[in-house]
Amino acid sequence: MDDAVRLLQEHGDGAKILAGGQSLIATLNMRLSAPQILIDINKIEGLGGIALKDGFIVIGALTRHAEAERSNLVAKHAPLLAKAIPQIGHPAIRNRGTIGGSIAFADPAAELPACLLALGGEVEIAGATGKRTVKADDFFRGLYETAIGPGDVLTAIRLPAATPQMRCGFGELARRHGDYALAGLAASARSEGGKLCDVRLAYFGVGLTPVRPRKAEAALANGDIDAAVAALDGDLDPPDDIQATGKVKKHLAGVLLRRVFKQMVEPRA
Amino acid sequence: MNEYCDVNLTVNGERISERVEARKTLVDFLRDDLGLTGSHVGCEHGVCGACTVRVDGVVVRGCLMLAAQCDGAKVETIEGVSDTGEIADLQQAFEARNALQCGFCTPGMLLTAQELLARDSVPSRDAIREHISGNYCRCTGYHAIVDAVEAVAKARAGERE
């Protein structure tokens, strides 16, 4: 790990960390990125594994999607992830892609950054000045921009372990299973006396980062799904992209909110 | 800038030691350096699945992994799993149902389907569709592929009983 950090500092912007490579190598193949040096972290010990520690599910950066998908710990303590991961790419992608890579790359249309934000998780980062932890709300800064600075390596993510009161929901709309979503939504909340509180919604595919629609969150905490859907109009401003216009994405965001809300308020099986 | 890495790996059970360009993808290495052209190069960004191979027992995109990363790995291609007979029944089922049009996706389809069958003894048709969704190309021949995978799943389950 020290070597990786040292190499990163030595080579600056010319270096890229290679984890699962499921986004990075595609950008190399397409000549969208041309780093002078790749630092392959795949064989660094201690960057994998899933553990329950002090009320958090801690997932090592190199944990493959497929491992998290089949993990009993994740199913039990991070049910939002268990819902989301099968929607990520395809089996061969999930066999190789890593949890840390997805968060670090911060594709605005990716599922895991939104899950991290919806759960109010944290990111562990190792850098030249030592280790630090960044909250999800402070982590995503702009398009593919995060709190990871030059010379930093994401080492793990921490998600608050689910409680019996915790409710979560997940939905995305894509043209083909495994494609990047036209729009998607990850959500978590606490159920108290039949109402939802601490509602955290995180949309993906509708902005430059995963986006929390604060007015819709407040409306949902009041139990008013219609007001929440209406509030999205002011909360979200999705740009047009190759898949859909912003207007369509905004409409889909409302459709997703109703679906996800239903998952959250339905009695648990 | 051409950088090179030395790799030692096994490909279809055979030990290989080669010096590879650091930038070379696994599928290019298999095809160009080892002559194993059963793995195809389609989209080169992980969408089409034509380059599917197995590394250390799981299917991966041959275009999204570098050959240099395969040092110490066990790589299996469609040539290898054909020779061992591991998927002979699946191949026969594909042939019997004409479960291909141009055949470009077929090696990847077979390896992907085999991984599903190894994990889930009799998957539903929906589960089969979802599993092979990463190998869709551009024909419309998938119905027969789902039929073939389902038939093999049932046949294998029957044999186990």
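Contact means that heavy atoms lie within 4.5 Å of each other. In chain A, residues 24 or more positions apart account for 58% of the contacts with a separation of 6 or more.

This is a predicted model, in which local features need pLDDT of at least 70, side-chain atom pairs count only at pLDDT 80 or more, and totals for chains, interfaces and linings use all residues. Residues are numbered from 1 along each chain as its sequence is written, chains are lettered from A and ligands numbered from 1 in the order in which they are written, and side-chain values use heavy atoms, with hydrogens and water left out.

**Chain A**

Buried residues (under 20% relative accessible area, 1.4 Å probe, protein chains only) make up 57% of the 269 residues in chain A. The C-alpha atoms of chain A fill a box of roughly 55 × 40 × 35 Å along the principal axes.

**The interface**

The area buried between chain B and chain A (accessible area, 1.4 Å probe, lost by the two parts on being put together and summed over both) is about 2,000 Å². Carbon and sulfur atoms give 55% of this area. Of the area that chain B buries against chain A, 27% comes from B:L64, B:Q69 and B:S133, more than from any other three residues. The residues in contact are divided between the chains as follows.

| Chain | Residues in the contact |
|---|---|
| Chain B | 25 residues |
| Chain A | 24 residues |

Between chain B and chain A there are 0 salt bridges (a side-chain nitrogen of Lys or Arg within 4 Å of a carboxyl oxygen of Asp or Glu).

Conventions:
Buried < 20%, exposed > 50% of the residue type's maximum accessible area, 1.4 Å probe, protein only.
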